[in-house]
Amino acid sequence: GPAPGPSRGNEARGNPWWYVTWTLVERRVAGMRSDPRALRAACLRTLGLACFFGSVYYRLGPDQQVDKLGVMYFTLLNYLIQAQTSIPAMMDDRLLFYREQGAKIVSPTSYFAALVAVQTAVEFVLVL
């Protein structure tokens with residue numbers, strides 16, 4: 001039967017929230033592995049921009065604090081803009097999400113938790 005505990009909206013099929021979320025994480029990771037060129041391109045883009053911004057930052061002298069803050073601002077702005085590239089992927093998965101939500105397989109909470117977990121991990125690895 002269904003797992004004991006508070007209802008999270010997706011126990012209609014007998015699967016607890018954490019199991020559905022983990023399954024969705026595995027699906028997202030498998031989807032990312034199916035396109036290794038996009039992962040390589042993201043890594044190369046991040047590495048190239050890191051080298052560029054790093055060289056600009058370290059060429060500035062110790063008395064140019066305002067200029068260093070400007071470099072850091074544009075670096076963060078660039079990473080935020082790069083993070084927005086995940087929005088079209090989310091829009092492509094919308095039809096699948098609606099289908100699975102209608103069949104009571106996933107809940108919005110588990111879907112969003114899986115999406116955030118995978119994107120956070122990817123952004124963390126790219127920033128390192």
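Biologist: Why is Leu77 called partly exposed?

Modeller: In this predicted model, Leu77 has a relative accessible area of 31%. Buried means under 20% and exposed means over 50%, so Leu77, at 31%, is partly exposed.

Biologist: Where is Leu77 found, and what makes a nonpolar patch on the surface with it?

Modeller: Leu77 is found in helix α3. Together with Tyr73, Phe74 and Ile81, Leu77 forms a nonpolar patch on the surface, with about 410 Å² of accessible area together. A patch takes residues with over 30% relative accessible area, and the 31% of Leu77 therefore passes that cut-off.

Biologist: How do you know that the buried residues of α3 line one face of the helix?

Modeller: The buried residues of α3 are Lys68, Val71, Thr75, Asn78, Tyr79 and Gln82. Seen down the axis of α3, they fall within an arc of 95°, so they line one face. An α-helix has 3.6 residues a turn, so residues three or four places apart point the same way.

Biologist: Which residues are exposed on the other side of α3, and what covers the buried ones?

Modeller: Val66, Leu69, Tyr73, Leu76 and Leu80 are exposed on the other side. The cover of the buried residues includes α2 (36-59) and α6 (108-127).

Biologist: How do you know that the span of α2 agrees with 1.5 Å a residue?

Modeller: Helix α2 has 24 residues, which should span 34 Å, and its end C-alpha atoms are 35 Å apart; the span therefore agrees.

Biologist: Which residues of α2 are buried, and what covers them?

Modeller: Ala42, Thr46 and Phe53 are buried in α2, and their cover includes α3 and α6.

Notes:
Residues numbered from 1 in each chain as written. Predicted model: local features only at pLDDT ≥ 70, side-chain atom pairs only at ≥ 80, totals over all residues. Heavy atoms only, no water. Buried < 20%, exposed > 50% of the residue type's maximum accessible area, 1.4 Å probe, protein only. Helix = DSSP H or I, 4+ residues; strand = E, 2+ residues; numbered from the N terminus. Arc of directions from axis to C-beta. Contact = heavy atoms within 4.5 Å. Patch = residues over 30% accessible without salt bridge, like charges linked within 9 Å, V, L, I, M, F, W, Y side chains within 5 Å. Areas by Shrake-Rupley, 256 points an atom, 1.4 Å probe, with all protein chains shown as cover. Salt bridge = Lys/Arg side-chain N within 4 Å of Asp/Glu carboxyl O. Expected span 1.5 Å × (residues − 1).
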